[in-house]
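Please examine the sequence and the structure shown below. The briefing that follows is arranged by topic.

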Amino acid sequence: MIDHIDRNILRHLKEDGRMTATALAAKVGLTVAPCHRRLRDLEASGVIRGYKADIDPAAVGLGFEAIVFVTLRQVDRSTMEIFENRVADNPNIVEAQRLFGSPDYLLKVIAEDLPGYQRFYDAELTSLPGVERLTSTLVMKNLKSNAGPPV
């Protein structure tokens, strides 16, 4: 069970995942050893899934975003498994959710610009297995991303 100290640890790590155990301990009011033990427990239990750099896509030439709604022709186990594996392996698809109802999937795609997205759409998205319909919505402005759950 996650208590208020663990939640406090998680809040601080959401803001700075590179914080040292010593700095984290000071922020949450623990000595280093118990703080480090709690941190290891949160990692071992899967509450903390990993640590990543938060990279600005525009800063690396990928400032164009689109949300793509995907409807499959048939929703059987084999088609979904192949589709989901191809989506997971594609680095330009940075988020993907399987949905209840219609459409079947929501994908977040990044590209360098509109012509780059069009090339990606034509070459990659249309070749995904089982696709019946693709509907794209272009992102005008990203207000909030990768916020994670409230802790």
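**Strand pairing and overall layout**

Strand 2 (residues 93-98) and strand 3 run antiparallel and are joined by five bridges. This description concerns a predicted model. The protein is divided into two domains, namely domain 1 (4-45) and domain 2 (57-138).

- Strand 2 and strand 3 form a hairpin, and six residues lie between them.
- In the turn of this hairpin, Gly 101 has a positive phi of about 80°.
- Strand 3 also pairs with strand 1 (residues 64-72): the two run antiparallel and are joined by seven bridges.
- In this second pairing, Ala 66 has Val 109 of strand 3 as its bridge partner.
- Strand 3 (residues 105-111) is mostly covered, as six of its seven residues are buried.

**His 12 in helix 1**

- His 12 belongs to helix 1, which spans residues 4-15.
- His 12 counts as buried because its relative accessible area is 16%, and the cut-off for a buried residue is under 20%.
- Apart from neighbours within four places in sequence, His 12 is in contact with Met 19, Leu 24, Lys 27 and Val 28.

**Domain arrangement**

- The centres of domain 1 and domain 2, taken over C-alpha atoms, are separated by 36 Å.

How values were computed. Residues are numbered from 1 along each chain as its sequence is written. This is a predicted model: local features need pLDDT of at least 70, side-chain atom pairs count only at pLDDT 80 or more; totals for chains, interfaces and linings use all residues. Side-chain values use heavy atoms; hydrogens and water are left out. Helices (H or I, at least four residues) and strands (E, at least two) are DSSP runs, numbered from the N terminus. Buried means under 20% relative accessible area, exposed over 50%, partly exposed in between (1.4 Å probe, protein chains only). Contact means heavy atoms within 4.5 Å. Domain bounds come from an automatic or database domain assignment. Two strands pair if DSSP finds at least two bridges between them.
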